[in-house]
Amino acid sequence: MSANVQWKLCWENELERSDHSELSEFFKKTYGPTGAFNAKPFEGGRSWAGARPERRAIGYDSRGIASHMGLLRRFIKVGETDLAVAELGLYGVRPDLERMGIGHSVSALFPTLQELGVPFAFGTVRHAMRSHVERYARTGMLSVLTGVSVRSTLPDFHPYMPPTRTEDLLVLVIPIGRTMSEWPSGTLIERNGPEL
């Protein structure tokens with residue numbers, strides 16, 4: 001990512017309507033090429049898709065928003081173990097900067113993760129992102145877990161759909177206050193809410 005990226009770390013309630021509008025456009029342009037349905041949650045100036053983040057890291061350069069990562073503290077259940085985590089999500093990099101961003105986004109958020117005192121940061125990505133996240137995992141800062149299903153609630157109620165979905169996803173874990181050897185074992189993670 002360009003050395004000219006400046007990071008804004010903010011609480012969700014610090015964002016103005018104009019920030020949400022700019023983020024909405026960023027997400028529509030970032031997620032839209034992967035399918036029109038993926039851009040739909042960001043219509044009308046909305047800057048989140050499922051759960052609303054608590055904090056955000058927004059990277060700006062001379063062209064506007066360059067990168068984004070959201071964070072939400074929550075409890076998940078890994079196997080039989082309840083675990084406090086900082087869920088990372090709403091990751092995006094402007095298309096002209098692709099292949100250059102996830103490490104910078106996590107690095108920008110790392111002091112905030114330490115400040116929050118959570119034992120782990122946790123996130124999920126589709127298998128199509130495997131090579132992208134495994135490249136970052138080589139730094140040793142992140143582990144990619146496979147063979148784990150994640151059960152989440154849907155972000156909106158639809159009478160014709162079940163209230164939850166279970167997906168086979170890549171699980172990303174960043175040890176913050178504990179070591180990776182302390183991550184609980186289990187093949188099912190209960191998110192107990194919508195994904196970030």
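Predicted model: local features only at pLDDT ≥ 70, side-chain atom pairs only at ≥ 80, totals over all residues.

A residue is called buried here when its relative accessible area is under 20%. Thr 112 is part of helix H3, which covers residues 102-116. Setting aside neighbours within four places in sequence, Thr 112 makes contact with Leu 9, Arg 55 and Leu 71.

**The nonpolar cores**

Leu 71 leads from Thr 112 to the largest nonpolar core, which has 25 residues. Leu 71, Leu 88, Leu 113 and Ile 174 are the residues with the most contacts inside this core. Two or more core residues come from each of these elements: strands E3 (64-78), E4 (81-93), E5 (120-125) and E7 (164-175), together with helices H3 and H4 (130-137). Apart from this core lies another one of 13 residues, including Val 85, Phe 122, Val 150 and Val 171. In soluble globular proteins, nonpolar side chains tend to be buried together.

What does Leu 71 touch, not counting residues up to four places away in sequence? Its contacts include Leu 88, Leu 109, Thr 112, Leu 113 and Leu 116, and among them are also Pro 53, Glu 54, Arg 55 and Leu 196.

**The aromatic rings**

Across the whole structure, a search finds 5 aromatic pairs. A pair of aromatic rings is described by the distance of the centres and the angle of the planes. Two of the pairs involve Phe 42:

| Pair | Centre to centre | Angle between planes | Arrangement |
|---|---|---|---|
| Phe 27 and Phe 42 | 4.8 Å | 25° | stacked |
| Tyr 31 and Phe 42 | 5.5 Å | 45° | tilted |

Phe 27 belongs to helix H1 (residues 17-31), while Phe 42 sits in the loop between helix H2 (36-39) and strand E2 (55-61), so this pair links parts of the chain 15 residues apart. Tyr 31 also lies in H1, so its pairing with Phe 42 ties together parts that are 11 residues apart in sequence.

How buried are these rings? Phe 27 and Phe 42 are both buried. Phe 42 has a relative accessible area of 1%, and Tyr 31 counts as buried at 18% relative accessibility. Together with Phe 26, the residues Phe 27, Tyr 31 and Phe 42 form one aromatic cluster.

One more ring deserves a look: Arg 52 lies over the face of Trp 48, at 3.9 Å from the ring centre.

Conventions
Residues numbered from 1 in each chain as written. Heavy atoms only, no water. Helix = DSSP H or I, 4+ residues; strand = E, 2+ residues; numbered from the N terminus. Contact = heavy atoms within 4.5 Å. Core = buried A, V, L, I, M, F, W, Y, C linked by side-chain atoms within 4.5 Å. Buried < 20%, exposed > 50% of the residue type's maximum accessible area, 1.4 Å probe, protein only. Phe/Tyr/Trp six-rings, centres within 6.5 Å; stacked < 30°, edge-to-face > 60°. Lys NZ or Arg CZ within 6 Å of the ring centre and 35° of its normal.
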